[in-house]
Amino acid sequence: MFYYYGRKKQVAKRYPRPDYDTIIEPFAGAASYAMHDSNWRKTVIIVEKDNKVAGIWRWLIESATAAEILKMPDLKVGEKSSEFIHIVHAATKMAFKYKTIKVTPVMERNWEISKRVMAANIHKVKHWKLIEGNYSEAPDVEATWFIDPPYKAQAGEGYAHGSGAMDYHALASWALNRKGQLICCEGSEGDYLPFRPLLDLAGVAGKRNKELIYHRSGSKQSEPCLFDHEFTPQRWVS
Ligand SMILES: C[S@@+](CC[C@H](N)C(=O)[O-])C[C@H]1O[C@@H](n2cnc3c(N)ncnc32)[C@H](O)[C@@H]1O
């Protein structure tokens, strides 16, 4: 919905489709899985601990209109902004630490694109429910759970609520106790669930971007098991 460091927009199609009529993203960020394809039409519940990120969602869900979004001023390279919704468009994990940021060409362009994307898609989120708080505050219901926390390897990464604050064993235990379909995301250091390779993508500066997944189908399973069929790992080098 908006530019966000670590968002799953480009890879959302690689994850299993939801088996349930309710999708819960307990680590919302930009909620790319719930936005993907027709997933947004379902009952969607997002949970986000960062009050600034939750604030963007509250505005999008409760009050923003397409006309209002399109009327928001463009950013100009070199000017300064202290608006968090601008700052997330800087396309760097460090952006979360800044209170004020000088607009870069990347930021100017990302914001221009995001305004158009948000205006065109704002109708999709009006029925969504936002919970500002910890992931564990999500309702205990049978659903498709898309669990995409700050990755374990990202020590010192940018989120205000990042990997340093996470108890991954507690997360694993909580996740396994969810009812329904479970889709858990991690990077190459993910070791607290029986993760398997999903993707191995080219990142910046020659780095590889490895995505792991743990998928447990729910009783409403409508598709073949993830690793028996179409979601075979791609270009994975262990
Ligand atoms: C990897 S991002 C999610 C990206 C998202 N899937 C997307 O496509 O944009 C993780 C998010 O979880 C949030 N977060 C971190 N700790 C949390 C917690 N304990 N409970 C809920 N949200 C948390 C972070 O602020 C961040 O927005």
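Modeller: Let's start with the residue classes: Ala, Val, Leu, Ile, Met, Phe, Trp, Tyr, Cys and Pro count as nonpolar, Asp, Glu, Lys and Arg as charged, and the others, Gly among them, as polar. This is a predicted model, in which local features need pLDDT of at least 70 and side-chain atom pairs count only at pLDDT 80 or more, while totals for chains, interfaces and linings use all residues. Residues are numbered from 1 along each chain as its sequence is written.

Biologist: Thanks! Which residues around the ligand are the closest?

Modeller: Arg 7, Phe 27, Gly 29, Ala 30 and Ser 32 are the closest of the 22 residues that surround the ligand. A residue is near a molecule or strand if its C-beta atom, placed from the backbone, lies within 6 Å of it. By class, this shell has eleven nonpolar, five polar and six charged residues.

Biologist: What makes Ala 31 count as buried?

Modeller: A residue is buried if 20 or more other C-beta atoms lie within 10 Å of its own, exposed if 12 or fewer, and partly exposed in between, with C-beta atoms placed from the backbone. Ala 31 has 31 C-beta neighbours inside 10 Å, so Ala 31 is buried. Across the protein chain, buried residues make up 34% of the 238 residues.

Biologist: And why is Asp 37 called exposed?

Modeller: Asp 37 has 11 other C-beta atoms within 10 Å, so Asp 37 falls in the exposed class.

Biologist: Why is strand S2 described as largely enclosed?

Modeller: Five of the six residues of S2 (residues 43-48) are buried, so S2 is largely enclosed by the rest of the structure.

Biologist: How do you know that S2 pairs with S5?

Modeller: Two strands pair if DSSP finds at least two bridges between them. S2 and S5 (residues 129-132) have four bridges and run in the parallel sense, with Ile 46 partnered by Leu 130 in S5. Four bridges also join S1 (residues 22-25) to S2, again in parallel, and Ile 23 stands opposite Val 44 in S2.

Key: Helix = DSSP H or I, 4+ residues; strand = E, 2+ residues; numbered from the N terminus.
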